[in-house]
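Look at the sequence and the model below.

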Amino acid sequence: MENLLSLSFDYLSSFDGVKIRKGLRQLEGLLAQICLSRATTAAERRRSMAIDGVAKSSPKDLASLSEDPAFREFFKLQEGFEWNVAIRLISCLERLLGKGSNGQNDLLLVSTLDLLRGVLLIHPPSRSLFAREIYMNLLLDLLDPSSCPAVQSSAVLTLVTALLEQPSITRCFENLDGLLTVTSLFKNRGTSREVKLKLVEFLYFYLMPEIP
């Protein structure tokens with residue numbers, strides 16, 4: 001697993017969009033292998049083939065996922081800086097954001113944010129990275145009115161994932177006037193309807209009672 005992560009990190013550290021996309025796909029494939037399982041018994045495979053015509057992968061439930069050796073190995077690797085996927089994806093976001101807004105770059109931003117959300121859900125301790133102002137500011141920068149709607153929507157969802165059950169990160173969000181950033185984007189006439197719906201959902205989430 002370390003070899004695959006190392007290769008993916010090398011691609012993510014590139015300024016070449018093709019290499020970055022390859023690194024994202026490799027990480028996505030790794031997470032898919034960890035979180036999805038195929039029917040293991042012959043009877044289950046026959047049943048799946050009879051219903052769908054193909055043996056499909058199905059998500060593992062949380063209990064079985066925590067017992068999976070591959071998941072335990074991945075989780076353990078995430079505890080250290082060297083193999084932490086979230087920090088690499090955040091660094092990739094920083095480089096992509098510095099390249100400005102264009103079609104291909106926006107697609108990479110969305111893909112990186114999507115993968116980051118998955119990692120934060122699989123490894124909740126990585127959410128603590130966003131207690132640092134520099135990383136929280138990165139998410140808020142993606143909510144700039146000049147960003148494309150797809151990037152804005154994905155950034156809002158990632159912000160929700162980062163704040164989930166994390167009061168200390170919520171305080172960081174507030175200290176950086178994150179709520180002002182969200183409401184200003186909502187009030188902006190150029191903000192798309194889809195993004196405004198995401199922002200309303202975020203505000204509902206934000207106003208829910210905190211879990212200590």
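How many salt bridges does a search of the whole structure find? The search finds two, a salt bridge being a side-chain nitrogen of Lys or Arg within 4 Å of a carboxyl oxygen of Asp or Glu. This is a predicted model, in which local features need pLDDT of at least 70 and side-chain atom pairs count only at pLDDT 80 or more, while totals for chains, interfaces and linings use all residues. Residues are numbered from 1 along each chain as its sequence is written, and side-chain values use heavy atoms, without hydrogens and water.

R117 counts as buried because its relative accessibility is 15%, where buried means under 20% relative accessible area, exposed over 50% and partly exposed in between (1.4 Å probe, protein chains only). D114, at 35%, counts as partly exposed.

E174 and R171 form a salt bridge at 2.8 Å, N to O. These two residues are also three apart, about one turn, in helix α10. E174 is partly exposed at 30% relative accessibility, and R171 is partly exposed at 32%.

Helix α10 also gives the most to the lining of the second largest pocket, with four residues. By class, this lining has eight nonpolar, two polar and four charged residues; Ala, Val, Leu, Ile, Met, Phe, Trp, Tyr, Cys and Pro count as nonpolar, Asp, Glu, Lys and Arg as charged, and the others, Gly among them, as polar.
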